[in-house]
Amino acid sequence: MSSRRRQFLAAAAVTATALTTAGVTVLTAHAAAAGCQVSYTVSSQWNTGFTANVSITNLGDPINGWTLRWSYTAGQAVTQGWSASVTQSGAAVTAADAGYNASIATNGSVSFGFNGSWNGSANPSPAAFTLNGVACTGGVSTPTSPATSPSRSTSPSPSASTSPSPSTSPGGGTTSPPPAVPGTPGAWAAVPVNPFNGGAGTFMWLLTDGSILSNGADLHQWVKLVPDQFGDYTKGTWVQLATSPYGVGAAQEQILPDGRFYQAGGEYVYQWPSGSSSNDHNGVQLYNPVTNTWTLGQSGLYGNLWDTGTAHLKDGRIVASDQRSARTQIFNPATNSWTAAANRPAPAAEDGWVPLPDGSIVSISNGGTYRYDPAANVWYTGARPPASYANGNVDTSTVTLMYDGRILAMGHNTSVIYTPGARPSDPGSWAQGPAIPQGSFVDDVYATPEGNGKVIFDSVRCSWLTNECGSASGALINEFDPATNTMTTISQPNDPAGAPVNFINLPNGQVLAAAGSRNWVYTPIGAPKDAWRPTVTSVSGSGTTFHLNGTQLSGLVSLGEDDYQNPQNYPIVYLKDSAGHVYYARTSNFSSMITSRPGEAQSTDFAVPASLPRGKYTLYVSACGVSSAGYAFTY
């Protein structure tokens, strides 16, 4: 851990296939002149997957509600759609409007897209399309029988003595586009000062109700940042929480499947429970945000959890290493117990771990690359990074799984990029990445993958290990763009006490950072690609608890580091009313806690606040800071 991080900690220590439409009814339309033209384009194709874009041009009378149908001839299957509700039965595919794009004027057009699978040898385009029962031939025809067009029904208004029933109509289909990321792109906005330490909330974790867990006067004093009634974190409120048994810095941290917070080990132990000491780098403590209580977990098996790498398995168990040996272990939060896992080929204390969509875990450090296959309980040795990456004993800084499936790793004043192999046993391959801007250094710095596909990270003028210095005047905030393979220095907040040293994605697409005197919110430049967004396919339930089905709910990116671990591979659900008020639900029972495959069907439970007013809402689900399209929800 760098001296800058030690000072920061010391200061803290003392101060589916388908988007189903549950609210769709079919109405009979008057026969009228009709005609259409369809453009079907496969924009990208890989292995057994592809992305297609479809554009419909209405050549007839205006349409209010549309259904497009086609059939595949080579076994293709739709896995995820956007800007339309796409379902498939056998070879037949049906795409219905998403509500907000139901109307098509004469000579007007609408577009939607989807991800699909194919057999890897043939992916022919559909031969024919029909729009509301009319063949799309590029001309105008008159149907011989009335066409049908879908029209979204609205839930009946409750009578004076009846309230809406969430058990019968909680969900109504995709009705609106994804929300825009708030704020001014490229700008920073101040967050209120943390009143419990007079500065910033240092180190931050996203709880499943949308609030941000952090520290107060020291590292066993805890607070959370709650956004205002419109979901604005820059106008949020800091709330004091219960004190924890341990106060540790540079530790293991994860969010658990039931929404609790896991913290273990610690390179620095400032407070400890009775019977322990400052030499206890093996303790486990768990925070329950529902009851605002801390409990002790079973300590690690081998005595040295410290700040070693951790990552989730798909079922929510945590794999962790030991700081002084090659042994690894698995923590089960359901039973509060550890079991032994396979030994690694070699120990690697200061490493970063990321989970891959196949369930395996990649560990990257100066010592090399390793990959854990939980199905076989085996660690494999991967390809070694380029020689330029390691410099003596320099720590690896944050390793980041990006949207293109590659992993960015940084150390000293350079970067390298790892492409994992198709199987856990495959070594994968490395490529040299760009140098850090202005010759600055990334010994123990932090990062997060932004919703725009870039990676934001900090760097410093001088290396704390080698005492080398670059041309920068001080600390920097940078972005890596994988599309151009470039690193660029961006603006940093005007904080008199120092630049940010850690980052976390907010559910609204902004990035929260902790600087010297307070926290700041950054608005990235550019929106997420629609293919990266989670989707909602159905919502069911009653009372205040619901079950949500969708795709990509655990996100497509992840990150890991030894000193500050904050992966966000779990969904956040929030509701917005017609006045713009935002209500965060509390999610739990995630079907997966690792990065998802494109279009992977997943689910989560969520509980709405007990004080939520009855009425109609637009529901959004966010994963790794990327929000879905809006989904009609009646409570």
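Reader: Before we look at any residue, what does "partly exposed" mean here?
Author: A residue is buried under 20% relative accessible area, exposed over 50%, and partly exposed in between, using a 1.4 Å probe and protein chains only. This is a predicted model, in which local features need pLDDT of at least 70 and side-chain atom pairs count only at pLDDT 80 or more, while totals for chains, interfaces and linings use all residues. Residues are numbered from 1 along each chain as its sequence is written, and side-chain values use heavy atoms, with hydrogens and water left out.
Reader: OK, is Asp358 buried or partly exposed?
Author: Asp358 counts as partly exposed, at 33% relative accessibility.
Reader: And which residue does Asp358 pair with?
Author: Its side chain meets that of Arg371 in a salt bridge (2.8 Å, N to O), a term for a side-chain nitrogen of Lys or Arg within 4 Å of a carboxyl oxygen of Asp or Glu. Arg371, for its part, is buried, with a relative accessible area of 4%.
Reader: How many salt bridges does the structure hold?
Author: The structure holds 10 salt bridges, and one of them joins the side chains of Asp209 and Arg586 at 3.4 Å, N to O.
Reader: Are Asp209 and Arg586 buried or partly exposed?
Author: Asp209 is buried, with a relative accessible area of 15%, whereas Arg586 is partly exposed at 25%.
Reader: What about Asp530, which residue is its partner?
Author: Asp530 forms a salt bridge with Arg533, and their closest N and O atoms are 3.1 Å apart. Asp530 is partly exposed at 32% relative accessible area, while Arg533 is buried at 10%.
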